[in-house]
Amino acid sequence: MTAEALEDYDDYDETDVLVVGSGIAGLAAAIGAAREGATVTVATKATRPEGASSWWAQGGIAVSRDDPGQFKQDILTASADTADPAAVDVLVDEANDAVRDVLVDTLGVEFDRNEGHDETDGDADGDFDFGREAAHDEPRIMHVDAATGKAIHVPFLNYLDDHDSVAVRDDTAALELVRHEGRVHGALLEQDGEVTPTFAGATVLATGGIGDLYPHSTNPNGSTGDGIAMAALAGADVEDMEYIQFHPTVYVGSEARSASKRGGDTAEQRDGEEDADPFLVSEAVRGEGAHLINGDGERFMPDYHPDAELAPRDVVARAVQKEREATGEVTLDVSMLDFAAEFPGLVEKCEARGVDWEAGIPVGPAEHFLCGGVAVDERGRTSLDRLYAVGECSRTGVHGANRLASTSLLEGLVWGLRAGEDAAGYGVDIVEAPELLDRDPALPENFASEKFVRLRRVMGEYVGLRRNAEDLGRAQAVLRRLKGEVDAYVRTRTSRSLYELRNASVTALLVARAAAENEESVGTHNLVESEVQAD
């Protein structure tokens, strides 16, 4: 190409593999590619580990132990038999080796051990304190207290920071994919207001979830569906966008995080707001025997499912919402546990917010995990050449209509490694990069945050735990208008918050459209005829 093709940019960068996102899936892709001899650039919006969804994962990471067949069956059952059996085979067959190789041997993650563990015995699998969570037939979850994501994520980042072949660029957002003749050649990256093309032999999207689309979510701020939107706008296939898992036990006292505080804010504006945030009460707490109690003081889950508190998440979430509406509140009773000893991290969160956990933790459902996303194969390859997607922004087929607890970190690890290995080895081609215009005056500082309030209100009211055709039609109409407004501004202005809003509006419309097109009520996609009947 000619030099004129890049005349709108002061400079450009090259890398063998560009990874967008720094959760466990993106970091696994980076290590997978680096092991194959590739140079890797990891671009992440996060400015600290807490900015990635993986950091917040509590329960742990499931492994197959000595029974992959039962693990597979549990995944299929939790998905209401909608998961792809071939994808599940990949997950369960590689689970033990991937966790052992990367997390235990390479990173040295100190998973909880059984009492009496003999250090001289080495890392015998029987020494791990395997936990059990909802819809798991047996204890198979490796964990570190109730803060497994943090225990994995920090050493992972430290390892890659010291790797000669990997460069981690934080506070860096991908705005657009660079595409030419059906092939993706990298992305336009923004940092400190400057946009620079980064050309790559292959690009891996690992941008996480869509929590900023909903009023209450367990996701970190900035979960705006960036990878999904960029891939969809470039022409990649997306699937199963209607399957959004709501976690049933999230502290939501005082309505937790205000809708006006999600998305569109700068990192500085969000600093200091953590105490107002909801926090997830790990499913492991129910796995240890905690009970859900309604406002009338009654345990109710046995009336909804034979497995009671350990029923699939979609069942528990709907039951919790119904009981909150009928009786005013739902609390998690942990009095039968040695809660302070077993879950000190959760005790700290409760006490920081003035929650008397001994009297019960107030809980309610909150958006937690997108089971669908950019459609990929067993190597993380999308429908676009040299574009990969891993982690929550991808749709591998493992989760189907409902995700089994503690499989998200595992999916990110397994598919991240596979995608990274596959992405290595391509040559870098310099092509013409898209021109992003910034010729009109900047928008008001609160422009994006105000639009986000509107978007989240629509998604929360019409595309939440329970849905009906009329509401989904309303949602699509509002979201189409919102997307049209945002598109008009994006044509002549370039800013991270505006592109996040664009991505969120595109992703929200994909969710609402998929929900309206799926007439089968299954898993997390729960259809009702009217709100009156739903109650």
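Biologist: What makes strand 12 and strand 13 a pair in this predicted model?

Modeller: There are 4 bridges joining strand 12 to strand 13. Pairing takes at least two bridges, so these strands qualify. They run antiparallel. Asn294 stands opposite Val330 in strand 13.

Biologist: What makes strand 13 and strand 14 a pair?

Modeller: Strand 13 covers residues 330–333 and meets strand 14 over 2 bridges, in the antiparallel sense. The requirement is at least two, so the pair counts. Here Thr331 stands opposite Pro362 in strand 14.

Biologist: And how do you know that strand 10 pairs with strand 14?

Modeller: Antiparallel pairing runs over 6 bridges between strand 14 and strand 10, residues 244–251. Again at least two are needed, so this is a pair. Ile244 stands opposite Leu370 in strand 14.

Biologist: Which order do the strands of this open sheet follow?

Modeller: The order is 11-10-14-13-12, with 5 strands and antiparallel pairing.

Biologist: Why are strand 11 and strand 12 called edge strands?

Modeller: Each pairs on one side only. Strand 11 spans 279–280, and strand 12 spans 291–294.

Biologist: Which residues of helix 2 are buried?

Modeller: Helix 2 runs over residues 68–78. Phe71, Asp74, Ile75, Leu76 and Ala78 are buried in it.

Biologist: What do the buried residues of helix 2 pack against?

Modeller: They pack against strand 3 (61–62), helix 3 (85–106) and helix 11 (408–423).

Biologist: Which residues touch the most other members of the largest nonpolar core?

Modeller: Leu205 and Met459 do, in a core of 66 residues. Helix 14, residues 496–517, gives the most to this core: 12 residues.

Biologist: What is Met459 in contact with, leaving aside its neighbours within four places in sequence?

Modeller: The partners are Leu213, Tyr214, Gly464, Leu479, Ala508 and Val511. Contact means heavy atoms within 4.5 Å, so each of these comes within that distance of Met459.

Biologist: How many residues make up the other core, which lies apart from the largest one?

Modeller: That core has 63 residues, among them Leu27, Ala34, Val63 and Leu157. Members of a nonpolar core are joined through side-chain atoms within 4.5 Å.

Terms used:
Residues numbered from 1 in each chain as written. Predicted model: local features only at pLDDT ≥ 70, side-chain atom pairs only at ≥ 80, totals over all residues. Heavy atoms only, no water. Buried < 20%, exposed > 50% of the residue type's maximum accessible area, 1.4 Å probe, protein only.
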